[in-house]
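Let's learn to read helix packing together. Have the model open and follow along.

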Amino acid sequence: MNKIFKEMRSNKIMFLLIGISSFFLACTEDFEEINTDPYKATTAPVEGIMAGVQYFEFAEPRFLTWRGNIIYSSQFANQISYNYEGAWFGADAYQNNQGWTNGMFDNSYKKVTLNARNLLKAYTEIDDKNGIAVSKIMMSWFYQKMTDIFGDVPYSELIGDQLILENPKPIYDSQKSIYMGIMEDLKTQMESIGSSTAIIAGSEGDYIYGGNPQNWKAFANTLRLRMALRSRDAFIADGEQSYIDAIINDCLSNDLIDESNPALLKRSESPLLLSFLDGGYEDVYWGFGGIGSKFTFTDRYLDMLSTNNDPRLAQVATPSINNDEFKGSPIGSRTQLPREDFADPSEMVVGLSTTEVANLAPVKVLSASESYFLQAEAAVLGYGGDANSLYRKGIETSMSFWKVDAGAIATYLSMEPSANLSGDTASQLEMIWNQRWLNSLMNGYESWALVRRTDLIPALTDNANFFVTQPNNGMVPKRLQYSATEAISNEENLSEAIERQGPDEMTTNIWWDIN
């Protein structure tokens, strides 16, 4: 099975199909137009629609990978840095670029919402119940991502199988209602799948699980646990602890992702005709010449690995040219050193060029290591389970993902203090969060959500040496501002969302971020 999918991922024709179908389903200028699209590519094969949805959701094309995942969220999370001489995006990393922000909202909705509804419609028409469930599970993942970026977003009027919306100016749902809706729908889809093992139609386009419904069921449950733990404090603050406790306990009583079924999307192992179609970190890093796009890691990220003798260090990075050290760059520093002073991303992160990509790490959509860290956090919070064993399992599977030698993993687990939970509840939670933060490299959206909820990254206060400037004054941004396109095409509903949520600023907390 894996061999078949590897061959498919190298097939230019399939990705051109994705590009063509996505063009016809999403070649519009604003949110109103993308939901009254005159092009109806409903005759595309279901595997082609599935492949397009998965690619634009989970891997993202160049623009979104670069702006959303790297420049914005990975820098906000203090994992990736452009703070060096000659960088195109140095100085204050906590700034808004409205053009990029517009693209994050507009392009994400353009490329996913209509395609996702088309996929759901296709499965509904052929009465493929497992296919319907998988479509809705993928929708849930997408809207979880979007609400965590912006807060209140369009959701409830976009999740059906109606290709062209009756209301092309959808309402903005509150983040709390979105979270509740997604968690409840994920449970519904798990129950719909039940014990069925019937492979979904169009399984050739499912690059993650090959159409296996039981794996998607575990995915849905793990996503549900991620969301439940993220929103737990907010529900408790709203007086609804029994509600969220019931969801967490239910998640822990059902199958979760483990080493046998991580949700990983392997990009093409040979270069494609159009790098912007499938280009990931390697396209951003190598594709523009010079050093302007060549991000490095932050000092916090590399120092945490180095201090704990973590064998992942040599797997994710290579030593700097000038001093042969694993040196990272601080976020927001007013002093910018030569790029050659800093470590480079490894071949697993950026390949060797835009065409030498066979050894790239797959996209972590929802990994086994994250699943174990979520379970460890739940155990520390008193929901049951052996927190330390789950924590160690998370570290082990994360290291295995980065192809760390089994002997080095065993040495770390037996020798390093950071390999075992210690201290009071707060200290243990911080250890779990730091390991989950290390593990989430290359998934900036999740890293940024984690640091906002947990306050892992302290605010910058030294304005002499760091950029402590408006609008965020050295604090990790709380959200992205809304698209300026929406302010024109969907003004009334956007205004209602802003009035409910708070000022359309990067400093406005979203619902679950109560700290």
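Q: In what hand does α4 cross α7?

A: A crossing is left-handed if the near helix is turned anticlockwise from the far one by less than a right angle, and right-handed if clockwise. Here α4 passes α7 in a left-handed crossing. Helices are DSSP runs (H or I, at least four residues), strands are too (E, at least two), and both are numbered from the N terminus. One caution: this is a predicted model, where local features need pLDDT of at least 70, side-chain atom pairs count only at pLDDT 80 or more, and totals for chains, interfaces and linings use all residues. Residues are numbered from 1 along each chain as its sequence is written, and side-chain values use heavy atoms, with hydrogens and water left out.

Q: At what angle do α4 and α7 pack?

A: Axes are lines fitted to C-alpha atoms, for helices over the stretch in contact, and angles run from 0 to 180 degrees between N-to-C directions. For α4 (residues 46-59) and α7 (residues 129-150) the angle is about 20°, and the axes lie 11 Å apart. That makes α4 roughly parallel to α7 (under 35 degrees; over 145 is roughly antiparallel, 65 to 115 roughly perpendicular and the rest oblique).

Q: Which residues of α4 and α7 meet?

A: Contact means heavy atoms within 4.5 Å. From α4 come Met50, Val53, Gln54, Glu57 and Phe58, and they meet Val134, Met138, Met139, Trp141, Phe142 and Lys145 of α7. This contact of α4 with α7 divides into 8 nonpolar, 1 polar and 2 charged residues. Nonpolar covers Ala, Val, Leu, Ile, Met, Phe, Trp, Tyr, Cys and Pro; charged covers Asp, Glu, Lys and Arg; the others, Gly among them, are polar.

Q: How far apart are the axes of α5 and α20?

A: Helix α5 (residues 62-76) and helix α20 (residues 444-454) have axes 8 Å apart, at an angle of about 25°. So α5 is roughly parallel to α20. Among the residues making the contact are Gly68 and Ser73 of α5, with Gly444 and Trp448 of α20. The contact of α5 with α20 has 5 nonpolar, 5 polar and no charged residues.

Q: And how are α13 and α19 oriented to each other?

A: Helix α13 (residues 299-307) packs on helix α19 (residues 425-439) at about 115°, with axes 11 Å apart. The two are therefore roughly perpendicular. Arg300, Tyr301, Met304 and Leu305 in α13 meet Asn434, Trp437 and Leu438 in α19.
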